[in-house]
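Here are my notes on this model, point by point. Please read them with the structure open.

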Amino acid sequence: MAAPVVLGIESSCDETGAGLVREGRLLGHAIASSMDEHARYGGVVPEIASRAHLQALRPVVRRALDAAGLTLADVDAVAVTTGPGLSGALQVGLAGAKGIAYALGVPLYGVHHLAGHVAADTLEHGPLPDPCMVLIVSGGHTSLLLVRDLARDRIVHLGDTLDDAAGECFDKVARVFGLPYPGGPAIDRTARDGDPRAVAFPRPLPGSYDFSFSGLKTAAARWAEGYAGRELPVADGAASLQEAVADVLTRKAVAACREHGVGTLVVVGGVAANSRVRALAEQRCRSAGIELRVPPLGLCTDNGAMIAAVGDLLVRAGADPAPLDVSIDPSAPLEYASLAPVTV
């Protein structure tokens with residue numbers, strides 16, 4: 001028999017994604033973003049996101065199937081993000097996934113969104129080494145994880161976000177600097193014309209694997225306030241902020257690899273698309289003799305392919321499907337790749 005085809009559906013925030021994976025190979029995927037609708041508000045509006053998912057889900061699944069050269073009848077299992085994320089947005093994706101799985105008579109798997117980011121790398125570089133160090137950097141999460149078998153083993157947290165995540169810091173400071181939403185790409189573009197040593201921004205929590213970017217955000221805001229009535233050197237501020245974030249992220253990740261004797265660092269999540277984070281991680285890993293793996297840009301941000309990748313791993317590992325009353329958990333901690341909470 002041919003290996004099963006897994007359809008993955010992602011709807012945790014402002015991207016509606018669908019992807020198809022078979023035996024670790026990406027067959028096709030598609031994404032629809034409602035980012036432009038949120039830009040006027042300077043951040044994601046949950047109700048707008050939920051309505052956008054309702055409109056986009058069917059067309060996105062269809063586009064993913066077309067990209068893969070498949071039909072819905074070719075799908076053997078469905079995986080869907082069940083948390084964490086925006087409650088209404090997650091509900092839309094889960095309802096759609098349940099409907100497809102029920103209509104096809106195939107198993108349904110609930111997936112943790114952050115495990116999806118980890119699995120995204122396997123679509124480009126193959127199976128994850130056991131063990132490997134994973135740095136997740138996104139709008140709402142910054143975590144340093146020790147990962148063994150992603151489909152079977154518990155994920156070990158070495159450090160996590162205590163307040164603002166790296167991506168959240170970029171978004172908030174970009175707004176202070178007068179840059180557009182989303183802040184991460186805007187900071188990255190603006191920083192190209194700036195001096196990363198122009199401003200001595202702090203490096204939070206030295207000596208710990210936890211992350212805290214709230215103080216860095218405040219320091220950047222106070223620096224900008226100092227230019228009241230004068231032209232703000234935005235490029236220098238953006239470059240210095242980006243350097244501080246990249247320095248903290250990569251320094252801690254490489255130190256964790258050394259301490260735990262791990263030879264591979266995997267950097268994933270939306271902020272993994274940042275040019276300075278990627279460059280500094282590559283430089284420091286090369287110096288330390290550590291293999292660096294980073295997904296291609298198109299798989300760093302939220303997408304359905306990464307959810308399909310987790311589903312594919314779960315199917316091949318013989319994991320139990322989700323129960324029919326599977327629900328969502330908008331604030332689910334990352335413990336295992338499978339996430340199938342039920343309503344009590």
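This is a predicted model: local features need pLDDT of at least 70, side-chain atom pairs count only at pLDDT 80 or more; totals for chains, interfaces and linings use all residues.

1. Strand β1 covers residues 6–10 and strand β2 covers residues 15–22. The two run antiparallel, and five bridges join them. Within the pair, Glu10 stands opposite Gly17 of β2.

2. Which sheet do these strands belong to, and in what order do its strands lie? The sheet is open and has five strands, ordered β3-β2-β1-β4-β5. Its pairing is mixed. The edges are held by β3 (25–33) and β5 (108–112). Each of these has a single partner strand, so one side of each lacks a neighbour in the sheet. On average, neighbouring strands are turned by 20° against each other, direction ignored.

3. Helix α2, residues 46–68, packs on this sheet. The helix touches β1, β2 and β3. Its direction makes about 150° with that of β3.

4. Now the chain as a whole. The protein chain has 11 helices and 10 strands. Along the principal axes, its C-alpha atoms fill a box of roughly 65 × 45 × 40 Å. How does the radius of gyration fit a compact globule? For 344 residues, such a globule would have a radius near 20 Å. The chain has 20 Å, so the value agrees.

5. Of the 344 residues in the protein chain, 53% are buried. Among contacts with a separation of 6 or more, 73% come from residues 24 or more positions apart.

6. How many disulfides does the structure hold? The count is zero. Cys13 is in no disulfide, and its nearest cysteine sulfur, that of Cys300, is 16 Å away. Cys13 is partly exposed, at 22% relative accessible area.

7. Is Cys285 buried or exposed? Cys285 is buried, with a relative accessible area of 1%.

Notes:
Residues are numbered from 1 along each chain as its sequence is written. Side-chain values use heavy atoms; hydrogens and water are left out. Two strands pair if DSSP finds at least two bridges between them. Helices (H or I, at least four residues) and strands (E, at least two) are DSSP runs, numbered from the N terminus. Axes are lines fitted to C-alpha atoms, for helices over the stretch in contact, and angles run from 0 to 180 degrees between N-to-C directions. Contact means heavy atoms within 4.5 Å. The radius of gyration is taken over C-alpha atoms; the globule rule is 2.2 Å times the number of residues to the power 0.38. Buried means under 20% relative accessible area, exposed over 50%, partly exposed in between (1.4 Å probe, protein chains only). A disulfide is a pair of cysteine sulfur atoms within 2.5 Å.
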